Amino acid sequence: MITFVIGGNKSGKSDFALGLLERESGPKLFLATGQAKDLSFRKQIARHRDRRDPALPVVEVGWDLPRALLEAKKDHAAVLVDSLDFWLYLCIQEQHEADLVQALLDILQHWKGPELILVSCEIGFAPLPGSSEARNFLKKLGRLNQAVAALAHEAHLVVAGLPLALKKAEHGDPKAD
């Protein structure tokens, strides 16, 4: 099953997603896409690391998330990806965004494997940024979030630490599809 967790910056979405991961049984994996490029982001990553179980394996995947997901399917019962927004930013920096996004969506469309929890920032509530680069990124992230939400079995919006179910799995076990 694929669960999509979306929310604004500092909304509590990562903590909520981590709670979902912790409820799963069997081997778990955390796929991190964030890369500390400045001091404040290093501190944010350290705070996230402090809240996780030290026994939880973490793989920093950077832009190569599609390959990492295929590898994770082999040995894990549950996988958490945090977060798609930073992953998309890295893909754009690598100038392979279209191919990598399509590869991810193809994998998600045919996902049969461990529980998969995907986290992303919701950017639709923010004011329109002044720069064309920022507007372009927001448009791309909005399209990615919509595509992932459509493929997910469940989706949750987290606001002020409170999750709101946007989409629940259909009757029966979605893994049987």
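Tutor: Start with Glu 71, which is partly exposed at a relative accessible area of 38%. Keep in mind that this model is predicted.

Student: Which residue forms a salt bridge with Glu 71?

Tutor: Lys 74 does, and the closest N and O atoms are 3.1 Å apart. Lys 74 is exposed, with a relative accessible area of 57%.

Student: Where do Lys 74 and Glu 71 lie?

Tutor: Both sit in helix H3, residues 65-75. Three residues separate them, about one turn of the helix.

Student: How many salt bridges does a search of the whole structure find?

Tutor: Three. To read one, look for a side-chain nitrogen of Lys or Arg within 4 Å of a carboxyl oxygen of Asp or Glu. Take Arg 67 and Asp 64: their side chains meet at 2.8 Å, N to O.

Student: What about Lys 140: which residue is its salt-bridge partner?

Tutor: Glu 97. The closest N and O atoms of this pair are 2.9 Å apart. Lys 140 lies in helix H6 (residues 132-151) and Glu 97 in helix H5 (residues 97-109), so the pair ties together parts that are 43 residues apart in sequence.

Student: Why does Lys 140 count as buried?

Tutor: Read the accessibility against the cut-off. Buried means under 20% relative accessible area. Lys 140 counts as buried because its relative accessibility is 18%.

How values were computed: Residues are numbered from 1 along each chain as its sequence is written. This is a predicted model: local features need pLDDT of at least 70, side-chain atom pairs count only at pLDDT 80 or more; totals for chains, interfaces and linings use all residues. Side-chain values use heavy atoms; hydrogens and water are left out. Helices (H or I, at least four residues) and strands (E, at least two) are DSSP runs, numbered from the N terminus. Buried means under 20% relative accessible area, exposed over 50%, partly exposed in between (1.4 Å probe, protein chains only).
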